[in-house]
Amino acid sequence: MTNRAVPDTPLLLRAEHLSMRYRLPRQHLLAPAPEVQALDDVSFELAAGRSLGIVGESGSGKSTLARLVMALEQPSAGHVWLDGEDLHALDAAALRRARAKLQMVFQDPYGSLDPRRTVLQTVAEPLAVLHGAGRAEQRERAAEVLGAVGLRPTDLTKYPHEFSGGQRQRIAIARALITRPRLIVADEPVSALDVSVQAQVLNLMQDLQERYGLAYLFISHDLAVVDLVCDEVLVLQNGRVVERGNPDRLFRAPEHPYTQRLLAAAPQR
């Protein structure tokens with residue numbers, strides 16, 4: 001179950017007038033470099049412990065938005081505040097400290113894990129990089145978060161190829177948890193998994209949200225998944241917000257034609 005009935009909680013994340021333009025390769029030497037508008041004036045807020053879904057077709061700007069929230073790229077315009085700090089205005093040291101509060105879970109659990117590194121090395125890496133933790137603390141915390149996602153401490157010495165797809169995504173979630181973040185950006189976190197495994201991972205993410213008070217920015221093209229886990233939904237088309245609202249309303253009585261088309265094209269489960 002989602003937290004839709006929970007009263008208002010403190011604001012954690014705020015994005016204001018985010019825009020992102022990318023320059024494309026020149027057609028020829030003297031031609032001006034063409035640009036593409038990936039995001040155009042996107043604003044939203046996310047309270048602590050809540051979930052915001054970002055939906056739209058491929059190319060709608062979802063992943064660009066995720067990179068800007070994670071401060072992996074500098075926006076062409078706009079701001080992202082986390083706990084009142086403008087992430088894109090921080091110096092390198094301050095941004096590194098802020099990144100302990102936000103982590104990311106990617107779409108492909110195998111591609112996001114280095115096959116040459118053990119689970120311990122993979123899961124503990126953010127703790128070592130962001131906090132400078134020693135080996136004893138790394139192992140202790142890695143065992144703790146591995147248990148939280150339903151794996152065993154003995155799995156720390158194993159490698160990614162020894163696990164199923166669902167287990168690998170649990171490892172990726174454990175890696176995101178180890179810095180004790182307040183926000184997790186989940187970019188299509190279950191789309192590469194079988195439907196039965198998707199349900200297990202989504203249930204795990206909801207359990208972890210309740211246990212640790214996590215907020216999720218949940219990016220997906222799967223409207224059924226977003227309906228299940230999110231408190232609010234923001235619909236992107238060509239980099240612009242065309243509709244937003246509670247999923248109970250938005251997915252049952254959409255107002256914008258684009259949202260209506262997305263729902264009509266969604267597979268029925």
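A pocket is an open set of points on a 1 Å grid over the protein atoms alone, where a 1.4 Å probe fits, with protein on both sides within 12 Å along at least five of seven lines. The model is predicted: local features need pLDDT of at least 70 and side-chain atom pairs pLDDT 80 or more, while totals for chains, interfaces and linings use all residues. Residues are numbered from 1 along each chain as its sequence is written, and side-chain values use heavy atoms, without hydrogens and water.

Lining residues have an atom within 4 Å of a point. For the second largest pocket they include Met70, Leu72, Arg99, Phe106 and Arg175. Strand E6 (102–105) and helix H3 (119–131) each give two or more residues to this lining. Helices (H or I, at least four residues) and strands (E, at least two) are DSSP runs, numbered from the N terminus. H3 gives the most, with 4 residues. By class, the lining has 8 nonpolar, 1 polar and 3 charged residues. Here Ala, Val, Leu, Ile, Met, Phe, Trp, Tyr, Cys and Pro count as nonpolar, Asp, Glu, Lys and Arg as charged, and the others, Gly among them, as polar.

E6 also belongs to an open sheet of 6 strands, in the order E6-E7-E8-E3-E9-E10, with mixed pairing. Two strands pair if DSSP finds at least two bridges between them. E6 and E10 stand at the edges with a single partner strand each, so one side of each has no neighbour in the sheet. Neighbouring strands are turned by 20 degrees against each other on average, direction ignored. The axes are lines fitted to C-alpha atoms, and angles run from 0 to 180 degrees between N-to-C directions.

Strand E9 (residues 232–237) pairs in the parallel sense with E3 (residues 51–55) over 4 bridges. Ile54 has Leu234 as its bridge partner in E9. E9 and E10 (residues 240–245) run antiparallel and are joined by 5 bridges. Leu236 is bridged to Val241 in E10, and Gln237 stands opposite Arg240. The hairpin of E9 and E10 has 2 residues between the strands, and Asn238 takes a positive phi near 50 degrees there.

Arg14 lies over the face of Trp81, at 4.1 Å from the ring centre. A charge sits over a ring if NZ of Lys or CZ of Arg is within 6 Å of the ring centre and within 35 degrees of the ring normal.
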